Amino acid sequence: MRSTGANWFTILPAAVVAVAPSAAHATVYMSVEQAQQAMFPGAKFIDRSTAITDPQRKIIARASATGDVPRTQRLWEARNGSGRAGWLILDRVIGKHEFITYAIALTPDGTVKRVEILEYRETYGGEVRNARWRQQFVGKHFGSQLKLGGDIQNISGATLSSRHITDGVRRVLATYQLLLRNE
Amino acid sequence: MSDRITRCRPLLGTFVEVTADSDPAIEAAFQAIARVHDLMSAHAPDSDVSRINRFAHEHPIEVDPQTATVLERALHWSKQSAGAFDVVAAGAAAIRSGQLPLHPGQPKPRAAHWSWVEVCDLTVGFLRPGCMDLGGIAKGYAVDRAVAAMKALGALSGLVNAGGDMAGFGPRSWPAQVVQPESRRAIANVGVSNGAIATSSLQPDGSAGHLVGRAAGLVSATVCAPSAMDADALTKIVLSGSPAAGTCLKQAGAQAFVLTAEGAIRAIEPELEAA
C-alpha cells in the first residue's frame, strides 16, 4: 500500500471545517400530495386522521414492541371507481440523529404496498432528543419549511441504519389492526 | 436539463436515494434494488442468502443468477485479499453480535471462513455449517443494477446513493461529500462521474460488525471504482490495512483514500506492476 497525492478528491480546508456548524442534512423528497398520487395514481383521498387514546396506545405499543406511539395518526382512505383502493398513513420516526417523515401505502387488506420517505432531517447537534425541538414540527403543514427541488447533498460516510423505519412500519401495522381493519 | 427528481426509500437496511429525470426511471431503479434486497437480505428467512445459511451445509441450494454473481465476486475478493474481505466471517460475527437472527433450522456457525463456500453455476454449498452476510458487497451490486435499469429505460443521467455507496452516470459529474462517520462533518469533496464511490467506516450504526481484521488507526476508507460492487468490497479491504489492498485496487481500476484516527486524509495508490 503506497500513499500518494491524488486528484480525484478535494480535501476540505480545515478553516472551512472549523467554522461550519455541526453537520445538518435535511432533504424533502415529496409532499403528502405527491406521495398520494405516486402511491395511488388517480385515486381520491378521504382524510381519516384519527386520535389514538392512551389505552389504545398501550395496546399498539405492546403489539408492535415499539414505544413512542403518537396521540394522533394522520391517514387517508384512497378510493377509486371500484371502491377502496387502500390506505395511506403518514408517520414520523425519531432516531438518535435523525427525524424522518414517511408514508406507508397499505392495500385494502392491510398489506404494505410501498414505503416512501417524504422528509429526512439529520442533525448531530443533539436537537433531535430535545422535546421542544420536536414540538416545533407539531401542527406544521408538512414541507412548509424546506423548498422542494433544492440542491441535494450526496453524502458518503457511515451507513445510516433504517431500523427506526422498520420499527415504525411495525407500529403502523399494529395501529391498522386495532383501528382500521374493521372499518 | 429537465427537472431532476430525487426519491428515497428504506431498502437494504439503509436509506436509498435515486435521482433521475423521470418517474419511470426512478421506479425502475427502486425495483432493481428491491430485487437485490429480496434475494440477498439475511434478515428475511426465505431469501437466497438465508436459504444458504439454513440448508447449504446439508445439500446444494439453487440461487438466482444475481445471487451467484455477487457471491462469486465476493469469493474473488476474499481470495485476492487473503481473507481481509470475507462474507462468511462477517456472517458469523453478525450472528455473534446479534445483528443477524438465527432462522428456524439454521445451525449456529462456528469459526468460519470464506473457503467453506462452493459455488457451482447456480448452486451454492457450505462444506461445514456457516453463515454468510453479503451486506458488505450486495449494496454496491444493487446500486450497479439500479444504474443499469435506468440506462435500459433510456435515461441520460442518474444517481443512486444507497447509504453512501453511490454510482452516477450522465454528461456531468455528480458532486458528493465524504463525511466523518461520527460527526458527519464533511471532510472531502468528490465527483461521481460514470463510476462509483463507496465509504466504509468503523464507527456508528453497527457497520463495524461487517469488518473483519480492522486496521488500527483508520476511521474510514473511501474507494472510487468503475463498479459500485467492487468499490463496496474494496472499502473493507483498504480499511483492514491488508497488504493486498494496493493490488486489489489496481485490479479493479480503483483508487482510495483513508481517514486516520488523527483526522488526516491519506491517498492509497493502486500498486504498480511489480518492478
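Strands here are DSSP runs of E of at least two residues, just as helices are runs of H or I of at least four, and both are numbered from the N terminus; two strands pair if DSSP finds at least two bridges between them. You're looking at a predicted model, in which local features need pLDDT of at least 70 and side-chain atom pairs count only at pLDDT 80 or more, while totals for chains, interfaces and linings use all residues. Residues are numbered from 1 along each chain as its sequence is written, and chains are lettered from A and ligands numbered from 1 in the order in which they are written.

**Stop one: a hairpin.** Select residues 255-260 and 265-269 of chain B: these are strands 12 and 13, antiparallel and joined by 4 bridges. They make a hairpin with 4 residues between the strands, and B:Gly263 in the turn has a positive phi of about 95°. Now click B:Val258; across from it in strand 13 is B:Arg266.

Zoom in on strand 2 of chain A: 3 bridges tie it, antiparallel, to strand 9 (residues 186-192) of chain B. A:Phe9 faces B:Val190 there.

**Last stop: confidence.** Colour chain B by pLDDT (the predictor's confidence in each residue, from 0 to 100). The chain averages 90, with 93% of the residues at 70 or above.
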